[in-house]
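The structure is shown first.

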Amino acid sequence: MLYFNCDYMEGAHPAILERLAATNSEHTLGYGNDPYCEAAREKIRQACRCPEADIFFLVGGTQTNAAVIKGFLKPFEGVIAADTGHIGVHEAGAIESGGHKVLTIPHQDGKLTAQGVQRYLEAFFRDGSCTHMVQPGMVYVSHPTEFGTLYTREELAALRQVCDDYRLPLYLDGARLGYGLAAEGTDVTLPDLAALCDAFYIGGTKVGALFGEAVVFPQKNRLPGFFTLMKQQGAVLAKGRLLGIQFDTLFTDGLYLKISAHAIAMAKRLKEILSQNGCPLWFDSPTNQQFAVLTPQLQQFLDGKVSYEVWQELEDGCIAARFASCWATRQEDLTELERILKNAVH
């Protein structure tokens, strides 16, 4: 069976496992107060060209989103997101369970637009009953999006301007950030994110780590007490050095971007294989998530041979299926997928 369901099926990059094993018997303080976490923080600050940034290591993406959003919002506020946004679709109501509503607006290729956010805010504050409603308190985006699409620097800057106009923080979910930074044609860098966002996180779980995410607050003391909030949200790892070692490794000698670039190269080949062998692309994605249309006959043929994610049911029994590459995708797996598809009866 070939597996292309998602980008977190393997364990971790070998360099991370080696360092975890080599440091296993060391004694360090807990909760991120260790030399490895501090070394990782400094390397991330350098990569972001943001020497004063506050950086925190959390155990997973859902906990990260829940903690950051709760930290920014007042009790009566909600978070603006695309109607396809991860926090509104695939996090089991984690934000709502914390007392904050996800305020969804229509997406464009999986993204929020500055114009769409502007229209929403203008209409909200024109409403004479707006004081009886959940107040928009921040804006959430993800890069890449749920559809594998990317923001341009201009698009992010436009969103930043709208946020400034309404005094709203802009937060970027970077669960797959490495794959966005390594994508061909992107003009968004880590320093750009540090300049344009009030907070963003660098995904580890889906980009080579065993687990863990690194939240960056470019402005020092942007959220006082955030560590305590992390603890309250169940996002703190007592053996914090396990996170520090992983991110220190990922940000040594450019490993994070190197392995992300491998995933993009594999995705490019994956896109060719799908589109040339009876699986037209649902839409174009420049990152590691590729979406193809599968007929009922092809679905049946692939059953037991190739595993993928059913993303959306389409007309006439067809589906949009997600095939994901990652830092660990092998060329031989793509070759085998091509062989299987060539033998399929379309």
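## Cavities, sheet and helix packing

Strand 5 supplies three residues to the lining of the largest cavity, the largest share from any element. The model is a predicted one. Two cavities of 30 Å³ or more turn up when the whole structure is searched, and they are set out below.

| Cavity | Volume | Nonpolar lining residues | Polar lining residues | Charged lining residues |
|---|---|---|---|---|
| Largest | about 70 Å³ | five | five | one |

Around the largest cavity, the lining residues include Tyr-140, Val-141 and Ser-142, together with Ala-82, Thr-84, Gly-85, Gly-110, Leu-112 and Tyr-151. Thr-145 and Glu-146 also belong to this lining.

Helix 3 gives the most, with three residues.

The sheet is open and has seven strands in the order 2-8-7-6-5-3-4, with mixed pairing. Strand 2 (54-58) and strand 4 (102-105) each have a single partner strand and stand at the edges, so one side of each lacks a neighbour in the sheet. From one strand to the next, the twist averages 25°. Strand 3 (residues 77-82) and strand 4 run parallel and are joined by four bridges. Val-79 has Val-102 in strand 4 as its bridge partner.

Helix 7 (residues 153-166) touches strand 5 (135-142) and strand 6 (170-173), and its direction makes about 145° with that of strand 6. Helix 2 (residues 35-48) lies across strand 2, strand 7 (199-203) and strand 8 (213-217), and runs at about 125° to strand 2.

Which helix does helix 2 pack against, and at what angle? The partner is helix 11 (residues 241-250), at an angle of about 35° and with the axes 7 Å apart. Their crossing is left-handed. On the helix 2 side, the residues in contact are Tyr-36, Cys-37, Ala-39, Ala-40, Lys-43 and Ile-44. On the helix 11 side they are Arg-241, Gly-244, Ile-245, Phe-247 and Asp-248. By class, the residues of this contact are seven nonpolar, one polar and three charged.

Methods: Residues are numbered from 1 along each chain as its sequence is written. This is a predicted model: local features need pLDDT of at least 70, side-chain atom pairs count only at pLDDT 80 or more; totals for chains, interfaces and linings use all residues. Side-chain values use heavy atoms; hydrogens and water are left out. Two strands pair if DSSP finds at least two bridges between them. Helices (H or I, at least four residues) and strands (E, at least two) are DSSP runs, numbered from the N terminus. Axes are lines fitted to C-alpha atoms, for helices over the stretch in contact, and angles run from 0 to 180 degrees between N-to-C directions. Contact means heavy atoms within 4.5 Å. A crossing is left-handed if the near helix is turned anticlockwise from the far one by less than a right angle, and right-handed if clockwise. Ala, Val, Leu, Ile, Met, Phe, Trp, Tyr, Cys and Pro count as nonpolar, Asp, Glu, Lys and Arg as charged, and the others, Gly among them, as polar. On a 1 Å grid over the protein atoms alone, a cavity is a set of points where a 1.4 Å probe fits but cannot get out, and a pocket is an open set with protein on both sides within 12 Å along at least five of seven lines; lining residues have an atom within 4 Å of a point. Grid points are joined across faces, edges and corners, and a volume is the space filled by probe spheres set on the points.
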